[in-house]
Amino acid sequence: MSFVVKPIKLQISCQLLPVCLVAAACWSVSVKLMITDNKNDQLYHLRLTQISVNLHMELGRGHQTEMRQVASMDHKLSRPTWSRQIEFTLAGIGCAVGLGNVWRFPYLCYRSGGGAFLVPYLLMLVVLGIPLLYMELTVGQYTRRGPVHALASVCPLLKGVGIASVAISFIMCTYYNIVITWALYYLFSSFQAPLPWQSCNNTWNTPNCTNHATNSSYSSTASQEFFKYRMLEQTSGVEEAGMLRWELFLILILAWILVYFCIFKGVKSTGKVVYFTVLFPYIILIALLINNAQLPGAIDGINFFIVPEWDKLLSVEVWVNAAAQIFNSIGIGFGSLLAMSSYNSFNNNVLKDTLSIAIINSVTSILAGFVIFSAFGYMSHLQGIPVSKLAVDGPGLVFVVYPQAFANMPVSQLWAVMFFFMLLCLGLDSEFAMVEVMVTSLMDEFYQHLIKVFKRKEFFVLAICGVTLLLGIPCVMQVGIYVFQLMDHYTAIVSIMFLAFFEIIAICWSYGVKRLTSNLEEMTGSKPNIFFRFCWLVVDPVLITVILIFSIIQFKPARYEDYVFPPWAQGVGWIIALASIIWIPLGTIHTLWVLPGSFMQRLKLSITPFTLNDKSKTPYYERGGAVEQPSIAVTTSNTSLPEKPIETNF
């Protein structure tokens, strides 16, 4: 059988960058021939589905190996993209804007002297948050891969950073959804009249319960007792597991059902959900602000929020907390935004999305600050004490302090329902972004195997949600609050700082600002300005190093209120932290193991971008073994097939 394949001209677009080189016995090229029969004439279509190219240039005595990424074109062409670019922007905002904007930012402001915290916070937004978000979105959009493949491409030596980001997302998924579970519990409870945390006349209340807010250690408010003894039914410590809280377990199932239906169709379903889950919380925040501003004493809380105590700026801790808040709020290092940006069109304006996500995230934090501090002013008015003397802490800010304020507001049920529904929306955005990291990374790596087993992507997403649901069961037992606090302390505080440090080293220094600049110019037609290049090269690595050092120096063992976790529980916490961090050194060892040559040659190859691409799928001699390969230099981005028809005989 013989047939002629008509000549075609292959242009290397900015999106795919394929290199088409025909050289016998040196490169493997998989070709699919699709023959379409028509009554009048035959059309023969040549389709490249995979090209594996080794570029080996011999210079003098030594060898310099420069590998260029040529991923599977068939998979890239079939990779879904956002239906509209605004959907990615909204999803990015939803990922960045979360529960941390509502409780952690106001808490840090409160602890750092109110308005004094805003000065370093806004400065860190400009020099740290925006440049690093710009960097992550660029890498995700250019490589069109999740964090695992993206990091393995830009810096093979630190490919474990990508795996670690997936591991940390997996760990966080198991306990972050517990916060959504609590929000749903409070949401359902808010439909009761009066609110169940409004008085001490309930079966779960203790003799020390008081209807009026107080800072006394010998009494507790109705809202505190509702949180501890009604919803959590918490035990005295992590040593006492207690029973499963069936109400919370059923609500946890409901929470995962909501997450599943938000993401089961990938970016196509997520892109539609974010129109509501991202925009609706702003309506509620504005409504709450209008209501709270009219309450007596609200102006005192707002003054505390915006008027700085300038002496607080002399504290290094305030500056470190501001940088850490920007860092954790935007989500640098989690891999969520990098994974979602991989579904962008290749020529998307990265800078526009970066500015939109980063600025709106900070504006949301400040808006939430006005809402929370106006409520603080109202509570200080009721208690007759200064705003600075209120008892405010982490989760208690949302589930104890603020519900307590609702109990004294007019139409309290309405405001409670709106507030906890807002928390639900904020939590869902962040939760399905973390699940998307796992789905994207695993589909990129094991697509054929997963489809063979699960048949459809929707079933695979369902399996992911089911596994994380089961792993979250300890958090809905009576010991759950201690498990939650332990996991959050060693994951969100310890692991993420190490992860982010090595990610910045991998991209900013190993991959290099020059390459990153070239990638941006290739995608958008313009280079980043000197401000971004200077931040990537000098400012951001230095700041992250300082944050990491101070995080280590100031590190304190996990505790919940006055309860200090025993040594064995702290050990479990470190195991949880190492479950993600350990992939960084393991990835380094594996890279140096699979690369050919002496140790110095392997080390040099390990910091060369795209070295690992298709290494494990090619014969030894094609991975730099004993058999020499012809030297190839790519000097053009436009490659045409020969004009002469190719005759193939079978």
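Trainee: Helices here are DSSP runs of H or I with at least four residues, strands are runs of E with at least two, and both are numbered from the N terminus. With that in hand, where is the place of Glu233?

Mentor: Please keep in mind that this is a predicted model. Glu233 sits in the loop that runs between helix H8 (222-232) and H9.

Trainee: What is the phi of Glu233 like, positive or negative?

Mentor: Glu233 is not a glycine, yet its phi is positive, at about 50°. Most residues other than glycine have a negative phi.

Trainee: And is Glu233 buried, partly exposed or exposed?

Mentor: Its relative accessibility is 29%, so Glu233 counts as partly exposed, because that class lies between 20% and 50%.

Trainee: What about Lys455, what is its phi near?

Mentor: Lys455 has a phi near 70°, again a positive value in a residue other than glycine. Lys455 belongs to the loop between helix H16 (412-454) and helix H17 (457-471). With 60% relative accessibility, Lys455 counts as exposed.

Trainee: On to peptide bonds: is the one from Ala193 to Pro194 cis or trans?

Mentor: The bond from Ala193 to Pro194 is cis, and its omega is near -5°. Pro194 is found in the loop between H7 and strand S6 (209-210). In general, most peptide bonds are trans.

Trainee: You mentioned H7. At roughly what angle do the axes of H7 and helix H9 cross?

Mentor: The axis of H7 and that of helix H9 (residues 246-263) cross at roughly 110° and come within 8 Å. The two helices are therefore roughly perpendicular to each other, because angles from 65 to 115 degrees fall in that class.

Trainee: Which residues make that contact?

Mentor: On the H7 side they include Cys173, Asn177, Trp182 and Phe188, and on the H9 side Glu247, Leu252, Trp256 and Val259 are among them. The residues of this contact divide into 15 nonpolar, 2 polar and 1 charged.

Trainee: Staying with H7, is Thr174 buried or exposed?

Mentor: Thr174, which has its place in helix H7 (residues 160-189), is buried, with a relative accessible area of 4%. A polar atom of the Thr174 side chain lies 2.5 Å from the backbone oxygen of Ile171. Leaving aside residues up to four places away in sequence, Thr174 touches Thr468, Leu471, Gly472 and Met487.

Trainee: And Thr354, what does it touch?

Mentor: Not counting residues up to four places away in sequence, Thr354 touches Ile130, Leu133, Tyr134 and Leu137. The C-alpha atoms of Thr354 and Leu133 are separated by 6.2 Å, although the two residues are 221 residues apart along the chain. Thr354 is in helix H14 (residues 350-383) and is buried, with a relative accessible area of 0%.

Trainee: Changing topic, how many aromatic pairs does the structure hold?

Mentor: There are 46 aromatic pairs in the structure. One of them joins Phe305 and Phe373, which are stacked at 5.0 Å centre to centre with 20° between the planes. Phe305 is in helix H11 (residues 298-306) and Phe373 in helix H14, 68 residues apart, and the pair links these distant parts of the chain. Phe305 and Phe373 are both buried.

Trainee: How far apart are the ring centres of Tyr482 and Phe565?

Mentor: Their centres are 6.3 Å apart and their planes are at 80°, so the pair is edge-to-face. Tyr482 lies in helix H18 (residues 480-524), and Phe565 lies in the loop between strand S9 (563-564) and helix H20 (567-581), so the pair ties together parts 83 residues apart in sequence. Both Tyr482 and Phe565 are buried.

Technical notes: Residues are numbered from 1 along each chain as its sequence is written. Side-chain values use heavy atoms; hydrogens and water are left out. Buried means under 20% relative accessible area, exposed over 50%, partly exposed in between (1.4 Å probe, protein chains only). Contact means heavy atoms within 4.5 Å. A polar contact is a pair of N or O atoms within 3.5 Å; within protein, one must be able to donate a hydrogen and the other to accept it, and residues adjacent in sequence count only if both atoms are side-chain atoms. Axes are lines fitted to C-alpha atoms, for helices over the stretch in contact, and angles run from 0 to 180 degrees between N-to-C directions. Angles under 35 degrees count as roughly parallel, over 145 as roughly antiparallel, 65 to 115 as roughly perpendicular and the rest as oblique. Ala, Val, Leu, Ile, Met, Phe, Trp, Tyr, Cys and Pro count as nonpolar, Asp, Glu, Lys and Arg as charged, and the others, Gly among them, as polar. Rings of Phe, Tyr and Trp (its six-membered ring) pair if their centres lie within 6.5 Å; planes under 30 degrees apart count as stacked, over 60 as edge-to-face and the rest as tilted.
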